[in-house]
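Please keep the sequence and the structure in view while you read.

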Amino acid sequence: MEVELSETDVRFEEEVQREPHKLKGWLRYLDHKQVSSETGLQITMIYERAIRQLPGSYKLWHRYLTYRMRKLRGRNPLHFETEFRKTNLCFERALLLLHKMPDLWLLYMRLLRKQTDVTATRRGFDRALRALPVTQHGRVWPEYLRFVEDSVGGVVAERVYVRYLRLWPEKAEQFVDWCERTGQWAAAAEQLVRILDRTGQQNTTHWRRLADLVQSHPAECAERVDAEAVLRDGIQRAETSGELWVALGTLRIVRDGGMQRARDVFEEALSSVQSMRDFALVFDAYAEATAEAITATMEEAVRVADSSIADSSRRTLVDLQLLQLESLMDRRPFLASDVELRLTPNAVDAWLRRVDLCRERAEDPERPDDVRAAARLLVRETFENALAAVAPRKAHGGSAAELWLAYARSEADDVKTMRNVLDRAVAAPLGSVAELSDIYAAYAEAELAAGDAEAAQQILVRALAPPSTGNTNVDYSDESLPPSSRVFKSRKLWALLVDIQESTGAVDSARTSYERMLELKLASPQTIVNFSNLLEQLEYFEDSFRVFERGIALFGYPVAVELWNIYLRRFVSRYGGSRVERARDLFEQALEGCPSEYAKPLFVAYGSLEEEYGLARRALRVYERATRAVPPGNDRLEMFRYYAAKTKELLGLPAVRSVYERGIEDLGDAQALLLALDYATAERRLGEIDRARALFAYASQFADPQIENRLWEMWHEFEVEHGNEDTFKEMLRIKRSVQAKFGSDARFLAAIESDKRRQREEKKAAALKVANMSESTPANPDEVAIDQSDLF
């Protein structure tokens with residue numbers, strides 16, 4: 001066929017004839033033809049001429065094939081079979097030389113998918129995979145998989161996926177998804193098993209997915225995989241096994257047609273699951289399966305009854321199944337407790353909850369006697385299991401001692417058995433010495449409750465006996481030593497022992513125990529007081545005083561202050577004024593090493609002694625010493641006031657002036673102001689108006705009118721009552737001057753602070769300005785550093 005040329009075509013035709021092997025000339029010719037809206041036949045002829053000249057040009061072939069596919073767009077392959085076949089031949093011609101080009105293969109496959117020949121399309125994908133290198137297969141396989149999923153399916157699609165997974169095994173989940181969408185349950189289960197067998201693929205999600213498949217389609221999954229073996233393997237390997245146990249039980253139900261063997265599976269699961277989540281899944285599935293079995297049996301019994309066929313065995317079976325379901329629900333708390341104890345065998349609180357469950361069953365009056373008796377035996381068995389399972393140093397939620405004591409309390413009705421338990425407890429390994437002390441104390445209290453105080457003392461004496469090595473210099477808190485070698489230093493047991501000895505009248509034994517506590521340095525301040533009380537009851541007063549002295553030497557301040565107070569009070573109460581010199585020596589000893597912050601009550605007691613049994617002057621000298629000894633501040637102010645009150649009481653009001661004057665000199669401004677007001681009040685009572693006014697004027701220098709209003713209010717009231725116009729004006733003048741003084745001081749301090757703040761802000765702004773200039777100014781590579789000192 002001849003090509004019809006227009007005037008505008010001549011230029012392009014001459015170019016391609018002059019240089020037929022130049023691609024750009026042909027492309028310009030084709031672009032010109034497409035722009036001029038030439039017929040498809042003319043453009044096709046030009047493409048064919050160009051391809052004969054350039055058969056290996058990928059760009060030319062791609063444009064040609066794309067053009068032909070565009071012409072077929074929207075056409076039915078059945079009605080335009082010839083056009084489609086011609087285009088297929090064009091692709092075949094192109095792929096003879098360009099079979100390494102994946103884009104051409106993909107264009108060809110898209111064309112073949114539009115046609116009805118599925119086999120040709122599948123073979124085309126296979127040819128593409130054989131022709132292309134493996135590195136290019138990633139572009140072909142997605143199209144291939146979409147083709148087999150949408151148009152083929154069945155065994156062919158499965159085999160294609162198998163080939164695909166040989167190259168990319170990590171894409172196996174995609175195959176499983178497709179199998180589930182298309183209902184190929186056996187293939188999905190088989191592939192999941194392969195995923196799980198692969199190294200490092202122990203994902204819990206995969207196990208749950210396999211369990212759901214087996215549970216939903218047990219018969220289909222059994223065609224290709226040994227479902228029971230796989231599930232049991234998963235139970236051993238998976239992190240959570242609840243779904244796998246449920247799937248295994250469901251498989252047994254479907255395969256065996258009943259609950260007989262499935263019940264064995266569920267019971268095995270309940271005795272081996274390791275989490276409460278898995279337990280809940282298995283138990284709910286077990287109960288649901290049992291209820292469904294009961295429903296099926298009852299429906300069958302109804303059907304048989306409707307047909308007038310008597311079958312008492314079915315009714316018996318229903319009763320048996322109902323009994324099994326009731327027993328299962330009754331066992332649920334115990335089964336849950338088993339799971340908790342498997343998870344945390346060292347949890348003491350979990351074991352105690354298990355004991356409570358057994359005890360509730362043993363005390364339930366609605367249960368038969370044999371069941372209650374078995375529950376009582378189960379309580380004892382639970383305690384024994386707990387004590388065997390709990391590692392004392394790893395116990396949590398309680399201690400091993402709590403288990404032993406709970407065990408002993410449960411045997412309180414049988415004293416012999418209780419003693420046997422407690423004897424085992426004190427000999428058993430424990431986590432700490434405090435636990436052993438608790439057990440010994442509980443043992444002694446149990447003997448007291450049984451009315452045997454002598455046995456209680458013997459138990460404590462046995463516990464507090466020194467170690468066989470004779471070394472008593474052990475550290476009570478040294479965990480490297482066993483508790484049995486340190487328990488003799490337990491203050492709790494020593495206190496209990498002396499309490500029992502005192503209550504039973506064993507005074508000599510109690511005194512020996514107190515002495516032993518002091519030797520071991522286990523006595524507390526309360527122990528010293530109790531020992532002293534015991535000796536006073538026995539009228540061993542000097543011994544009781546020596547106990548106080550030993551306690552004071554044992555304890556430092558501030559504890560010694562309390563002991564001195566009790567000691568001195570009892571000494572004075574005992575001897576009164578008969579041994580004043582000794583009492584004075586004791587007070588002096590107490591004050592000699594006493595810190596100033598604790599000396600005030602001792603001085604007060606010392607002064608009270610002198611007031612009652614000595615001389616008033618000596619008492620006042622004690623109070624004067626106190627004003628110098630107590631720490632400055634409110635304590636010294638209170639001491640001066642107390643000193644003034646005692647001076648007034650003993651010597652009269654005029655003698656107080658020297659106390660007030662010295663106090664005002666010694667105290668700080670705030671305390672001096674308060675004492676000056678007291679002084680002014682005293683002078684006012686004496687009728688010394690001028691002296692009181694002078695005190696108000698003197699104290700005003702410490703009182704800011706904006707803060708301390710009390711002085712100015714008292715002075716105002718004083719002038720209203722006792723003053724005149726001149727004195728009142730003088731008070732106002734002084735108030736203004738004081739106010740100006742405090743105000744100027746405040747303004748001066750505020751000005752200094754403002755000036756410092758302004759200087760800081762100026763320095764900060766200058767530093768920020770320098771930093772900005774250094775950032776904005778570009779560096780000069782020719783800059784020369786010049787020292788300014790070189791210019792002079």
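This is a predicted model: local features need pLDDT of at least 70, side-chain atom pairs count only at pLDDT 80 or more; totals for chains, interfaces and linings use all residues.

The lining of the largest pocket is made up of 7 nonpolar residues, 1 polar residue and 9 charged residues.

**The largest pocket**
- The space in the largest pocket comes to about 410 Å³, and of the 17 residues that line this pocket, Arg359, Arg376, Val379, Ser410 and Glu411 are the closest to its centre.
- Two or more lining residues come from each of helix H19 (348–362), helix H20 (369–389) and helix H21 (400–410).

**The largest cavity**
- The whole structure holds 1 cavity of 30 Å³ or more, and the volume of the largest cavity is about 40 Å³.
- Its lining consists of Leu653, Val656, Arg657, Tyr660, Tyr679, Ala682, Glu683 and Leu686, with two or more residues given by each of helix H34 (657–666) and helix H35 (669–686).
- H35 gives the most to this lining, with 4 residues.
- By type, the lining of the largest cavity has 6 nonpolar residues, no polar ones and 2 charged ones.

**Confidence in the model**
- Across the protein the mean pLDDT is 79, and 90% of the residues reach 70 or more.
- Among the elements, H21 has the highest mean pLDDT, 89, while helix H38 (residues 725–776) has the lowest, 66.
- Over residues 774–792 the pLDDT stays under 50, and the model has 1 contact beyond four places in sequence for this stretch.

Key
Residues are numbered from 1 along each chain as its sequence is written. Side-chain values use heavy atoms; hydrogens and water are left out. On a 1 Å grid over the protein atoms alone, a cavity is a set of points where a 1.4 Å probe fits but cannot get out, and a pocket is an open set with protein on both sides within 12 Å along at least five of seven lines; lining residues have an atom within 4 Å of a point. Grid points are joined across faces, edges and corners, and a volume is the space filled by probe spheres set on the points. Ala, Val, Leu, Ile, Met, Phe, Trp, Tyr, Cys and Pro count as nonpolar, Asp, Glu, Lys and Arg as charged, and the others, Gly among them, as polar. pLDDT is the predictor's confidence in each residue, from 0 to 100. Contact means heavy atoms within 4.5 Å.
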